[in-house]
Amino acid sequence: MAQRGLAAEFWQVPAVTRAYTAACVLTTAAVLELITPFQLYFNPDLIFRKFQVWRLVTNFLFFGPLGFSFFFNMLFLYRYCRMLEEGSFRGRTADFVFMFLFGGVLMTLFGLLASLFFLGQAFTIMLVYVWSRRNPYLRMNFFGLLNFQAPFLPWVLMAFSLLLGNSILVDLLGIAVGHIYYFLEDVFPNQPGGKKLLLTPGFLKLIFDAPEEDPNYRPLPEERPAGDPGDQQ
């Protein structure tokens, strides 16, 4: 019964959040048994010369060995990815996937310059940043120690990372990419003379979004429910 309950809960999670979180957990499980982080990290030389193109994706999926840092990142990834998908991206799965692709490409380009090996944490911070800017008046509590409004959350996480002795370069990258997306998607189109620059490709809408119903479509007589006024025309 417990397994059925967990399975039912898993399938109730929105599709993109479910797929990305599961991929991260499975990647960590694979590192424990089958592979090593050296087969996953971002290495331009191996990607372009040895054609190990999977590294373009796997560097976003590995958050380190099991431990506090892994579970902390998974908690924030799952929570804010799901809240975005069920909130401002509700019914817009293609747009959400496009945000993933846009953020991933930008981070990869910056990763070339900064020699970063794993970008999953930066990606999480990007999701947190976009969510926080779209919920500017929400009050938050961090481990019962700090009270602040949502837009400060990415900076609080960066400070927490610094206290743990980690480099803040990854956090800054996530904040920068998150701000670029937020500005192009939410700010610039609403400015005088501004326009929407981030247009989701049609093939993503075809794959991920349900087709819109044609308001002028009339079903065949045999498809209409009994008593449909159209039967009397």
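This is a guided tour of the structure, one selection at a time.

**Before you start.** The model is predicted: local features need pLDDT of at least 70, side-chain atom pairs count only at pLDDT 80 or more, and totals for chains, interfaces and linings use all residues. Residues are numbered from 1 along each chain as its sequence is written, and side-chain values use heavy atoms, with hydrogens and water left out.

**Whole chain.** Show the protein chain as a cartoon. It holds ten helices and two strands. These are DSSP runs numbered from the N terminus: helices are H or I with at least four residues, strands are E with at least two. Going from the N terminus, the order is α-α-α-α-α-α-α-β-β-α-α-α. The chain exposes about 14,200 Å², and carbon and sulfur atoms supply 65% of that. Areas come from the Shrake-Rupley method with a 1.4 Å probe; for residues, only the protein chains shown count as cover. Of the 233 residues, 41% are buried. Buried means under 20% relative accessible area, exposed over 50%, and partly exposed in between (1.4 Å probe, protein chains only). Contacts are heavy atoms within 4.5 Å. Among contacts with a separation of 6 or more, 60% join residues 24 or more positions apart.

**Helix α7.** Select residues 120–133. This helix has 14 residues and spans 20 Å from first C-alpha to last, close to the 20 Å expected. The expected span is 1.5 Å times one less than the number of residues. Twelve of the 14 residues are buried, so α7 is largely enclosed by the rest of the structure. Among them are Phe123, Met126, Leu127, Val130 and Trp131.

**The core.** Which residues have the most contacts inside the largest nonpolar core? Select Tyr20, Met99, Phe100, Met107 and Leu127; the core has 53 residues. Such a core is a set of buried Ala, Val, Leu, Ile, Met, Phe, Trp, Tyr and Cys residues joined through side-chain atoms within 4.5 Å. α2, α5, α6, α7, β1, α8 and α9 each supply at least two of its residues. Zoom to methionine 99. Leaving out neighbours within four places in sequence, Met99 contacts Leu84, Phe89, Met126, Leu127, Val130 and Tyr181.

Select phenylalanine 72 and phenylalanine 76. Both lie in α5, four residues apart, about one turn of the helix. Phe72 is buried at 15% relative accessible area, and Phe76 is buried at 11%. Rings of Phe, Tyr and Trp (its six-membered ring) pair if their centres lie within 6.5 Å; planes under 30 degrees apart count as stacked, over 60 as edge-to-face and the rest as tilted. The count comes to 18 aromatic pairs. The rings of Phe72 and Phe76 have centres 4.7 Å apart and planes at 45°, so this pair is tilted.

**Helix α5: methionine 74.** Methionine 74 is also found in α5. Buried or exposed? Met74 is buried, with a relative accessible area of 9%. Not counting residues up to four places away in sequence, Met74 touches Cys24, Val25 and Phe63. Phe63 is eleven residues away in sequence, and 8.3 Å from Met74, C-alpha to C-alpha.

**Charges over rings.** Select arginine 79 and tyrosine 80. The charged end of Arg79 sits over the Tyr80 ring, 5.5 Å from its centre. The rule needs NZ of Lys or CZ of Arg within 6 Å of the ring centre and within 35 degrees of the ring normal. Finish at arginine 55, which lies over the face of tyrosine 41, 5.0 Å from the ring centre.
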